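Welcome! Open your viewer, get ready to select a few residues, and follow along one stop at a time.

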Amino acid sequence: MRVLGVDPGLTRCGVGVVEGVAGRPLTMLGVGVVRTGADAELGHRLVAIERGIEEWLDEHRPEFVAVERVFSQHNVRTVMGTAQASAVAMLCASRRGIPVALHTPSEVKAAVTGSGRADKAQVGAMVTRLLRLDAPPKPADAADALALAICHIWRGPAVNRLQQAHAAAARGPRVSRTPAVPVRKVSR
């Protein structure tokens, strides 16, 4: 499975591609950051993020895109920028028919470090170890993008099965469309 992880942000949007399957060693195929100037017009910044993500999609051809789920913060302005960058990443993937998964920060931290309260240094250290890198990716947004991809590789298949089971349960029991066969009672 090849996953593009996206840690959304307007100034620094972390991107990282990881390939592998749960239970086997993972391989990093690329990591980086799409940057925009804080003084640039919002529309231009979003276009720059779109172009950057499109380049990553063209180069690495992921099967899935994992994006950090935007969560409420005290600073509404920061949340808005993160949500806008997140929407651009989801749009780019969806336009190509690539499935998008959203993972919460605590879910990613728990998957990679074992604790949903891990700090950025702990996430960076575990990403380095899991991908057998010489040093943690810099800036932290890049390491977070790799952590998102790792989280999806490890948790995505189970989440997909759960979603399918919930959808099947919501549809109700399956009714057989084959005609009933009469049963004859045999007496002795």
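Strands, like helices, are DSSP runs numbered from the N terminus: a strand is E over at least two residues, and a helix is H or I over at least four. This is a predicted model, where local features need pLDDT of at least 70, side-chain atom pairs count only at pLDDT 80 or more, and totals for chains, interfaces and linings use all residues. Residues are numbered from 1 along each chain as its sequence is written, and side-chain values use heavy atoms, with hydrogens and water left out.

**First stop: F64**

Select F64, which lies in strand β4. F64 counts as buried because its relative accessibility is 18%; buried means under 20% relative accessible area, exposed over 50%, and partly exposed in between (1.4 Å probe, protein chains only). Leaving aside neighbours within four places in sequence, F64 is in contact (heavy atoms within 4.5 Å) with M1, R2, V3, L4, I98, P99 and H152.

**Second stop: H152**

Is H152 buried or exposed? At 3% relative accessibility, H152 counts as buried. Show its side chain together with that of H103, and you will find a polar contact between them at 3.0 Å. A polar contact is a pair of N or O atoms within 3.5 Å; within protein, one must be able to donate a hydrogen and the other to accept it, and residues adjacent in sequence count only if both atoms are side-chain atoms. Not counting residues up to four places away in sequence, H152 also touches others, including M1, V3, A66, A101 and P157.

Next, select residues 42-60, which form helix α1 with its 19 residues. From first C-alpha to last, α1 reaches 27 Å, close to the 27 Å expected at 1.5 Å a residue (the expected span is 1.5 Å times one less than the number of residues). Colour its buried residues: R45, I49, G52, I53, E54, W56, L57 and H60. What covers them includes β1 (2-7), β2 (12-19), β3 (27-35), β4 (64-68) and α2 (76-95). Just after α1, look at R61, which takes a positive phi of about 45 degrees.

**Last stop: T128**

Finally, go to T128 in helix α4 (residues 120-130). T128 counts as buried, at 11% relative accessibility. Its side chain reaches the backbone oxygen of G124 at 2.7 Å. Leaving out residues up to four places away in sequence, T128 touches L133, D134, A135, P136 and P137.
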